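Thanks for coming. I will go through one structure today, taking a few residues and helices in turn. Please have a look at it first.

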Amino acid sequence: MNGLILALLLPVLGTTLGSACVFFMRKQMNMPLYRVLLGFASGVMVAASVWSLLIPALESDGAEGAFRVVPVAAGVVAGFLALWALDHFTPHMHVNQHEEGPRSRMSATKKLVMAVTIHNVPEGLAVGATIAGVLEHNAFIPIAGALTLSIGIAIQNFPEGAIVSMPLRNAGNSRFKSFWIGTLTGLVEPVASVLTVLLAAWVVPALPFLLAFAAGTMLYVVVEELIPDASEGEHSNMATLGFAAGFVLMMVLDVALG
């Protein structure tokens with residue numbers, strides 16, 4: 001049970017630590033570091049989507065043979081479509097670090113806070129779905145799998161917290177206010193996780209679809225938000241190295257803990 005509580009809280013810890021970077025910030029976020037963090041987060045999320053979500057979904061106790069891929073494929077497509085719909089009606093995460101004027105910067109950071117908060121919901125769903133799978137007596141997900149996914153999300157939440165709190169500070173907010181707003185964007189994750197676990201009776205039969213749905217949302221964020229920001233302008237090669245490091249680390253964690 002302690003392991004499951006840890007899995008529930010780790011993503012928020014990642015966001016909190018990332019938001020705390022604002023206390024070490026001087027003027028503006030270092031762009032090479034920013035690229036590395038985004039690339040690293042992208043690699044972690046891609047690896048987590050494969051080893052912690054899609055593979056367990058395919059190995060579930062669902063349909064036999066080739067038909068077991070149907071709910072998984074449907075979940076991935078649904079995840080992409082859900083995030084596409086959210087992006088259609090809400091602002092993107094992209095933030096121009098060189099925007100001029102406090103009014104334009106504040107507008108951009110408000111949009112960033114909203115977008116990051118919304119995008120944290122499916123990550124909470126992913127953790128909650130894996131915890132529900134662990135609690136199910138016929139669980140096809142070991143507790144180590146839930147912890148691995150939670151660790152992966154916590155790692156990618158670190159730069160996410162930083163890219164919220166630092167622009168807020170750059171827009172004129174105090175360090176403490178920027179830190180708390182950055183931390184609050186991550187609190188939706190345990191809320192979504194707990195709700196998913198409480199609805200486990202309905203969630204567990206649909207786990208293959210839900211795990212794939214969460215994977216689809218995470219992959220969408222990587223392709224639509226993180227990689228474009230990481231590859232824009234100079235130092236894009238730093239983002240590529242960060243992606244490789246994040247992907248390998250998450251893969252090793254999942255295999256070692258699984």
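Helices here are DSSP runs of H or I with at least four residues, strands are runs of E with at least two, and both are numbered from the N terminus. P71 is partly exposed, because its relative accessible area is 29%. On this scale buried means under 20% relative accessible area, exposed means over 50%, and partly exposed is in between, with a 1.4 Å probe and protein chains only. In sequence P71 is 135 residues from A206, but their C-alpha atoms are 8.6 Å apart in space.

Before going on, a word on where this comes from. The model is predicted, so local features need pLDDT of at least 70 and side-chain atom pairs count only at pLDDT 80 or more, while totals for chains, interfaces and linings use all residues. Residues are numbered from 1 along each chain as its sequence is written, and side-chain values use heavy atoms, with hydrogens and water left out.

Now the chain as a whole. It has 10 helices and 0 strands, and along the sequence the pattern reads α-α-α-α-α-α-α-α-α-α. Of its 258 residues, 51% are buried.

Back to helix α3, residues 69-89, where V72 also lies. Is V72 buried or exposed? V72 is buried, because its relative accessible area is 5%.

P205 sits in the loop between α8 (200-203) and α9 (207-231). P205 counts as exposed because its relative accessibility is 66%. From the C-alpha atom of P205 to that of S60 is 10.0 Å, with the two residues 145 apart along the chain.

Next, helix pairs. Two packed helices are described by the angle between their axes and the distance between the axes. Axes are lines fitted to C-alpha atoms, for helices over the stretch in contact, and angles run from 0 to 180 degrees between N-to-C directions.

Take helix α1 (residues 2-19) and helix α6 (residues 175-184): their axes are 8 Å apart, at an angle of about 160°. The two are therefore roughly antiparallel. For that label the angle must be over 145 degrees; under 35 is roughly parallel, 65 to 115 roughly perpendicular, and the rest oblique. The crossing of α1 and α6 is right-handed. A crossing is right-handed if the near helix is turned clockwise from the far one by less than a right angle, and left-handed if anticlockwise.

T15 is in helix α1. With a relative accessible area of 2%, T15 is buried. T15 and G182 are 167 residues apart in sequence, and 7.2 Å apart from C-alpha to C-alpha.

The second pair is helix α2 (residues 31-58) and helix α5 (residues 143-170), whose axes come within 9 Å and cross at roughly 160°. That makes α2 roughly antiparallel to α5. Here the crossing is left-handed.

Last, the surface. Which residues form a nonpolar patch there? They are V191, V194, L195, L198, L199 and W202, with about 650 Å² of accessible area together. Areas come from the Shrake-Rupley method with a 1.4 Å probe, and for residues only the protein chains shown count as cover. Patches are made of residues with over 30% relative accessible area and no salt bridge, joining like charges within 9 Å and nonpolar side chains (Val, Leu, Ile, Met, Phe, Trp, Tyr) within 5 Å. A salt bridge is a side-chain nitrogen of Lys or Arg within 4 Å of a carboxyl oxygen of Asp or Glu. Helix α7 (residues 188-198) gives the largest share of the patch, 4 residues. V194 is found in helix α7, and is partly exposed at 35% relative accessible area.
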